[in-house]
Every structure is written in structure tokens, then in C-alpha cells.
Amino acid sequence: MPAGSIFESFFATQGFALFEFLGDGEFRLIGTWPNWCQSMWGDFPANQQNIRIGDVSPFLENFLFDAEQFWNSKGSGSANSGNWTERDSGGREIPLEASAYLLDGTRLLIVRNLSETFDQQQELFQTARDSLLVYEKLLREIQKKEILLHCIVHDLTQPLSAMNSVFHLLEREHLPAQLKKYVKTGERESQRQELMIRGILEAFSSDLAAQNSAQEKTGESPDLADCAQRAVREFSTAFRDHDVRLRFDPRVKKSADWRVPGDAARLDRIFGNLLENAMRYSPKGTTVTVGVEDERGFVLAFVDDEGPGLPKDQAESQLFALFSKGKSHSGKAGLGLYFCKITVERWGGTIGAQTRAQGGSRFWFRLPRAEKIVAASHSAHMKKTAPPETHHEKQKPAKRLRILVADDADINRELVAELLQKRGHIAIGVADGREAVAELEKHDFDVLLIDEEMPNMTGLQATQAIRQREAGTTRHQIIIGFSGHATEEDERKFRDAGMDAILSKPVNMQRLYQVLESASAGANLLPRTSHVAAGGATSGATETISQRAALGESLAASNAIAHLNRSTGGNLKLMNSLASILLADAPKALARMGRAIAQNDAAELAAAAHLLKGSLAIFGASKAVESARSLEAMGRAVNLREAPLEFRALETEFAQLRTELAPLTKKNKLNKMPKAKIRRKTKPAAKRRKR
């Protein structure tokens with residue numbers, strides 16, 4: 001191989017130095033002496049073609065023993081030194097690698113400068129590390145948002161549970177027809193709110209996890225015109241109260257095929273959000289028109305109003321962004337239009353808005369037509385989505401049941417127990433899973449109703465403990481779980497733990513009666529019950545965070561007793577009981593939270609704050625609820641840096657609430673009503689020890 005050849009020059013430029021082993025430590029240089037060799041080992045000996053390379057590099061001197069053994073073995077392959085570094089004349093470290101080869105009897109030593117490769121590897125490693133850090137940060141952010149979302153949903157379901165229970169109690173009273181109408185309206189709206197919460201949890205959980213697919217398969221083909229007409233019926237009263245006329249476009253051919261892919265309940269929420277937006281900006285005496293139009297392979301739905309039109313300072317695309325709001329309007333920023341956008345796009349559609357030439361604005365969304373399906377399937381679907389009657393059965397159950405209610409929120413536990421007793425059942429209340437397991441050891445119960453999140457022992461842990469004790473026996477305790485955010489993943493987890501059914505909070509009492517009494521009759525419980533519509537109500541407008549904040553401020557501005565009076569329908573006995581429970585238990589919860597902060601116990605803080613906030617919400621104490629929610633989130637995130645300041649704010653708000661409730665407790669001679677009042681009912685039969 002002649003020196004100076006193109007081949008040798010190429011090797012030199014790629015960082016290789018080639019040597020032929022001559023024996024006795026002598027090597028002949030093949031090609032040129034590379035600059036990096038010169039910077040480490042000096043100039044090549046003048047007037048010489050050979051070099052004792054082991055003399056210039058101690059590492060190579062050691063490697064030559066292995067190399068000679070390889071050459072003498074006359075084997076195939078190579079002998080490698082592994083990486084090492086040497087310093088050049090400037091003190092810079094140069095990574096090197098040596099290999100010994102035997103080619104056609106010629107013993108070759110190749111020394112390679114790995115600087116360029118090493119730098120590339122380091123750059124790749126650094127990029128990988130940076131990407132991993134970004135990915136982990138993104139996961140933490142998603143987790144924080146998911147935790148916050150579930151906290152918010154759970155917080156909203158707690159007062160809704162109490163509201164539904166109160167409405168159900170009021171409906172059983174002998175009220176004038178007008179008051180019964182108001183009670184039914186309140187019950188219907190609380191059910192609508194519950195469905196809205198479910199929609200937020202489903203839509204935004206999948207959005208945060210990037211699981212929303214443009215080709216989501218729903219298996220349903222609802223009629224868009226039917227959904228539009230249903231929305232008009234649902235919102236007609238609210239529009240009439242605002243002195244705005246709401247109508248369905250009379251030009252629409254109702255007999256035409258308006259079916260689209262999607263889900264009827266979510267379409268109802270989309271129409272509800274758009275109608276709420278139209279009602280907010282429509283002047284009195286104007287008309288809002290809802291309709292659908294044929295666009296060949298698509299169906300376009302629209303809501304036309306006669307308001308001021310779209311804000312000039314805001315692009316159309318920004319209207320549907322998360323928490324978007326125009327600068328020149330006092331409208332509320334929030335989730336409603338964003339929910340519409342992600343839902344429509346998930347079904348392969350588009351959504352938009354425009355200012356109408358004749359005045360006002362049009363909000364529209366376009367969905368592809370559904371594929372043809374058999375009439376029987378469509379008929380079955382319409383029966384499924386049609387809102388059922390909302391009347392409540394008045395007759396007593398066929399069998400009086402012994403029911404154990406386990407819920408850490410005293411107020412919710414008492415209300416559920418009261419409703420069950422009015423239904424004719426025997427109800428016993430306990431505060432956590434551990435007490436539930438202990439009570440089941442002492443007494444027989446037909447059904448255990450148990451909340452998901454409780455201190456000491458959760459509903460899941462209690463269920464698993466009960467099922468373990470039943471192993472090897474013929475016993476099977478019927479267990480029905482309550483969950484504030486029962487997603488499909490949650491439901492699967494509950495069923496795997498051994499629960500017979502799951503009901504979502506706020507609990508619809510008619511659905512609860514149905515499940516309880518079906519179980520007592522030996523019927524198979526539904527595998528999933530949490531997504532059954534409460535009372536059959538359809539979802540209306542999605543309430544924004546700013547709306548909830550505004551509502552909370554209005555409640556906080558009024559006296560707590562006035563708010564409690566509205567919530568209970570003026571039931572003084574119930575008001576006294578609720579206030580007594582709060583004033584007895586809240587100081588204990590606050591003390592528990594204070595100790596947790598002092599001991600830096602994040603888990604204990606989260607549990608105590610979670611317990612307190614649901615009770616505070618029933619009294620309209622929005623600022624106190626917000627502080628409790630913040631403390632729970634801090635505990636779950638294991639970051640208590642701001643907890644002392646937030647805890648002082650919570651103490652201040654509770655002191656204000658206690659002052660507002662003082663007149664009520666003074667009037668109540670028995671302001672320390674025993675929490676175990678319901679235990680004075682007929683005691684369940686003692687548990688038979690025989691298995």
C-alpha cells in the first residue's frame with residue numbers, strides 16, 4: 001500500500017493512523033503522520049520509516065501484549081483496546097481507540113482518534129437527556145392538571161349530592177303546586193349540572209392525555225334536528241325569563257335524514273353552550289333561531305341571534321380557545337365554547353362563528369352525515385336517548401332493607417340516611433371504611449353504600465377487606481360504591497375490587513332506590529351504573545369557571561343562614577342539624593390540618609382539607625371552599641410551601657361563617673344533636689357467627 005495514496009489520505013482525514021508491526025516493538029507507518037499524533041507524541045522521527053510506538057504511549061505499550069497474542073494466534077476478527085484518553089501539547093484530552101488486525105499475513109495496528117465521534121455521541125446523549133427532562137416535566141404538568149381537574153369535579157359533586165337530596169326531600173312534602181314546580185325546576189337543573197360535570201371530566205381528561213381521536217367510534221347516529229328541537233324545549237323557559245324569543249327554524253324539513261355520528265348527550269351540551277352564549281348577548285325583545293341545513297355530505301347546525309355580533313378585537317379562532325374572552329365585552333371566559341370545539345373536531349367536524357349581514361351573530365358547527373343504518377337500530381337508539389319521565393315513585397318498597405352508609409362527609413351521610421328512612425328502610429351511618437368493616441362484623445346488613453374517598457380506609461380498601469373475609473364462605477355482601485369522578489378506568493378499578501355496582505355523585509335517589517331494591521330482590525346489578533343520566537335530564541350549558549366564581553361570590557355576599565334556608569326549602573330542623581354538624585366537626589378538621597402543616601404531613605393535609613371542603617360548600621362559603629381546595633391540592637402535590645398562609649385564610653373565612661351561623665345555633669336549643677341519631681332506629685339483627 002504506497003504512502004500518499006488516496007486510500008491512505010482518506011484514512012488519515014477520518015482520524016485513523018495505520019501501522020504495520022515488524023516485530024520486536026517496531027512499527028512502520030503507513031501513510032502520513034496525522035496532526036493529532038504529532039500534537040500528542042511529537043514529530044515523527046526524522047529520516048526514519050519505523051517507530052517504537054509503545055515508547056510514546058504507555059497505554060499502547062500494554063495493549064501490544066494482547067495484540068501480539070492475537071497476531072500469533074492467526075485468528076480472524078480483531079483485538080480491541082477499548083477507549084482511553086491522552087493529552088495533547090495544549091492539555092486537551094483526546095479519546096483514542098486501538099485495534100489489531102491480521103490481513104493476508106500482514107500484522108496491522110490501527111489507532112483511531114474518536115474526538116469527532118465522541119463529540120457527536122455526547123451531543124446525542126445531551127439531547128436525549130434534555131428530551132427526557134422535558135418529557136418528565138410534561139408528565140408532571142399533565143398529572144398536576146389531572147389532579148386539579150378531579151379535585152374540582154369532586155368538589156362540585158359534593159354540594160350537588162346535598163342539593164339533590166334536599167330537592168328529593170322537599171318533593172315528598174305537601175307543597176303548593178307552584179312551589180312543587182320550583183322544586184322540580186331546581187332538581188332538573190341540578191341534574192343538568194351533574195351531567196355537565198361528567199362531560200367536563202370525560203372531555204378534558206382525554207384532552208389532557210392527548211387521547212382524543214378525530215375518528216372516535218361512538219356507535220350512535222343521533223338526529224341533529226331532534227337534538228336542536230330538544231334544546232329549544234329545554235331552554236325556552238330561561239329565554240322567556242330574559243324576554244327573548246327562542247324558536248326552531250320553521251323551514252327545516254323534520255322528515256329529512258339529519259343523522260350524524262356522535263353522542264346525543266354531548267350534542268345536547270353543544271347546543272346548550274351555544275344557546276347560553278346567545279342568551280347572554282341577546283337584547284330583550286329579540287329572537288334566537290336554532291336550525292339545521294343540508295350541505296350534501298354534511299349537516300350544518302346553527303344558532304342565530306340578533307345581538308351585537310362578534311367582537312371586533314378577536315379573531316374567530318380565538319372564540320373557541322380555552323378561557324377565551326373578547327376585550328370589548330363583559331362576557332365570561334371559560335370552558336363552554338372550547339368544549340364544543342374539541343367535541344365537534346373529535347367527530348370529524350368543524351365549528352365557527354360569523355357576524356350576520358342583517359345583524360347579530362351565527363354560531364355553527366358542521367358534522368358529516370352518518371352512514372345508513374337499519375331503521376330498527378335507529379329506533380332503538382332514539383328510545384335510548386329519549387329523556388324518560390322524571391316522576392318519582394311514591395309507593396313503599398316491597399322489602400324493608402337494612403343499609404349501612406359509609407361517607408366521611410357528615411352532611412351528605414345524614415341526608416342519604418334521612419331519605420332512605422323516609423323510603424321505609426333502616427339506615428346506619430359510619431364515617432370511613434374501617435368503621436364500615438367493623439360494623440359488618442357485628443351486624444348483618446342487606447346493602448353497604450360506601451364512598452370512594454375516605455380517611456383511614458378508602459371504599460376500595462374496605463371492599464377488598466370484606467371480599468377477603470368472605471373467601472371460602474357462601475356469604476356475599478352487596479356493596480354499592482359512590483364516586484365523585486367515575487370514569488371508565490375508575491369503574492373498572494371498583495369492579496375489580498369487588499363492588500357490585502357504582503353510582504356517581506351527586507347521587508340520583510331514584511336510581512339509588514332502583515339499584516338497592518333490585519339487589520334485595522335478587523336481580524343482577526348492572527355492571528356499570530355511574531353514567532346513567534340522573535333523572536333522564538339532558539345536559540345544558542357548560543358553566544365556566546368564572547361563572548362558578550361569580551356564583552360563589554354572590555353566595556358569600558349573602559348570609560349563610562339565608563343560603564341554607566334556600567337550599568333546604570326552609571326546613572328549620574334540617575338547617576339546625578346541618579349547622580350543628582359543621583360547627584362541631586369543622587374545628588376538629590382545622591386542628592387536624594394545622595397539625596399536618598406543622599409536621600409537614602402532605603397526605604394528612606390533603607385528607608383533612610378534602611373532608612372539610614365538601615361541608616363548607618353546602619353553606620355557600622365559596623372563599624373557604626377555595627382555600628380548602630387549594631390546601632388539598634398542595635397536599636396532593638406534596639408542596640406545602642404556601643400552606644401556612646392559605647390555612648390562615650381558611651381559618652379567617654370559617655370564623656366569618658361561624659359568626660353568620662350564630663343566630664341559628666342560638667335559636668336551636670339542641671344545637672348539639674347527636675350524629676348517631678339514626679342509630680336509635682330499629683337496630684339490625686346481631687350477626688350470626690355461624691358460617
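**Salt bridges, strands and confidence**

Student: Which residue does Glu 441 form a salt bridge with?
Tutor: A salt bridge here is a side-chain nitrogen of Lys or Arg within 4 Å of a carboxyl oxygen of Asp or Glu. For Glu 441, the closest N and O atoms of the pair are 3.4 Å apart, and the partner is Arg 469.

Student: How many residues apart in sequence are the parts that this pair ties together?
Tutor: Helices (H or I, at least four residues) and strands (E, at least two) are DSSP runs, numbered from the N terminus. Glu 441 sits in helix H13 (residues 433–442) and Arg 469 in helix H14 (residues 459–470), so the parts tied together are apart in sequence by 28 residues.

Student: What kind of model is this, and what pLDDT do local features need?
Tutor: pLDDT is the predictor's confidence in each residue, from 0 to 100. Residues are numbered from 1 along each chain as its sequence is written, and side-chain values use heavy atoms, leaving out hydrogens and water. The model is predicted: totals for chains, interfaces and linings use all residues, side-chain atom pairs count only at pLDDT 80 or more, and local features need at least 70.

Student: Asp 268 and Arg 230 form a salt bridge too; which helices does that pair tie together?
Tutor: The closest N and O atoms of Asp 268 and Arg 230 are 3.3 Å apart. Arg 230 lies in H7 (residues 224–241) and Asp 268 in H8 (residues 264–281), so the pair ties together parts 38 residues apart in sequence, in helices H7 and H8.

Student: Are Asp 268 and Arg 230 buried or exposed?
Tutor: Buried means under 20% relative accessible area, exposed over 50%, and partly exposed in between (1.4 Å probe, protein chains only). Asp 268 and Arg 230 are both buried.

Student: Glu 293 meets Arg 362 in a salt bridge; which strands does the pair link?
Tutor: The N to O distance is 3.6 Å. The two residues are 69 apart in the chain, with Glu 293 in residues 287–295 and Arg 362 in residues 361–368, which are strands S8 and S11.

Student: Which residue in S2 stands opposite Glu 20?
Tutor: Two strands pair if DSSP finds at least two bridges between them. S1 (residues 16–23) is largely enclosed by the rest of the structure, because six of its eight residues are buried. S1 pairs with S2 (residues 26–30) in the antiparallel sense over five bridges, and opposite Glu 20 stands Arg 28.

Student: In what order do the five strands of the open parallel sheet run?
Tutor: The edge strands, each pairing on one side only, are S13 (426–430) and S16 (501–504). S15 (residues 478–483) pairs with S16 in the parallel sense over four bridges. The order is S13-S12-S14-S15-S16.

Student: Which residue in S16 stands opposite Phe 482?
Tutor: S15 and S16 are the paired strands here. The residue opposite Phe 482 is Leu 503.

Student: How many contacts does the model have for residues 327–334 beyond four places in sequence?
Tutor: Contact means heavy atoms within 4.5 Å. The mean pLDDT of the protein is 76, with 73% of residues reaching 70 or more. Over residues 327–334 pLDDT stays under 50, and the number of those contacts is 26.
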